[in-house]
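Take a look at the fold before going on.

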Amino acid sequence: FRRAKNQGPRGASEYQDIVAAGQYLQKLSEVDAGKIGLWGGSYGGYLTAMGLARNPEMFKAGVDLHGVHDWAFRARAFSPGGGWAIKQEDMGLAYQSSPVSDLSKWTGPVLIVHGDDDRNVLFQQSIDLAEKLRDRKVSVEVLVLPDEVHGFLRYQSWKTVFETAADFLDRK
């Protein structure tokens, strides 16, 4: 995904894979097409948020673990340019390639999970998204893992994430 043409902050081309997977699932007789959810961490969290923001008719709920929600914010406030080499002239496209660029269709509930000592994706990205969704009256639950980094180092953290996510998806 890091080398795909027009990927991530340059057009989110890899999101087409998520849509294709959702369309495939909708065609399976053993799948309730009205109950397709998304789950992902880091880049998968980004794609989870993209699905809920851009295709709510397909994706009904999601669990977003420490996803990037605004590429332009990341490039300006966290690591100028960063590993994605986002330049000033790329900021508009980076923002448009982000879930926060259009929350107008997002209706599905989301569980946002983030460690507050994440050094790869700013914790603020998740808090910002949660606040924006709450302003839009979208059902949001947030699980903060104190003193955890991006990959969650403690067994108990992962156990809590899996149990909380399973409960969330069962309820939603």
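The notes below go from the overall fold to one serine.

This is a predicted model, in which local features need pLDDT of at least 70, side-chain atom pairs count only at pLDDT 80 or more, and totals for chains, interfaces and linings use all residues. Residues are numbered from 1 along each chain as its sequence is written, and side-chain values use heavy atoms, with hydrogens and water left out.

**Fold**
- The protein has six helices and four strands (DSSP runs, numbered from the N terminus: H or I of at least four residues for helices, E of at least two for strands).
- Along the sequence these elements follow the order α-β-α-β-α-α-β-α-β-α.
- The radius of gyration, taken over C-alpha atoms, is 16 Å, close to the 16 Å from the globule rule for 172 residues, so the protein is as compact as a globular protein of that length (the rule is 2.2 Å times the number of residues to the power 0.38).
- The C-alpha trace spans about 45 × 35 × 30 Å along its principal axes.

**Packing**
- Of the 172 residues, 46% count as buried (under 20% relative accessible area, with a 1.4 Å probe and protein chains only).
- Among contacts (heavy atoms within 4.5 Å) with a separation of 6 or more, 70% join residues 24 or more positions apart.

**A closer look at S157**
- S157 sits in helix α6, which covers residues 155-171.
- This serine, S157, is buried, at a relative accessible area of 6%.
- Beyond its neighbours within four places in sequence, S157 contacts L145, E148 and F152.

Terms used: Buried < 20%, exposed > 50% of the residue type's maximum accessible area, 1.4 Å probe, protein only.
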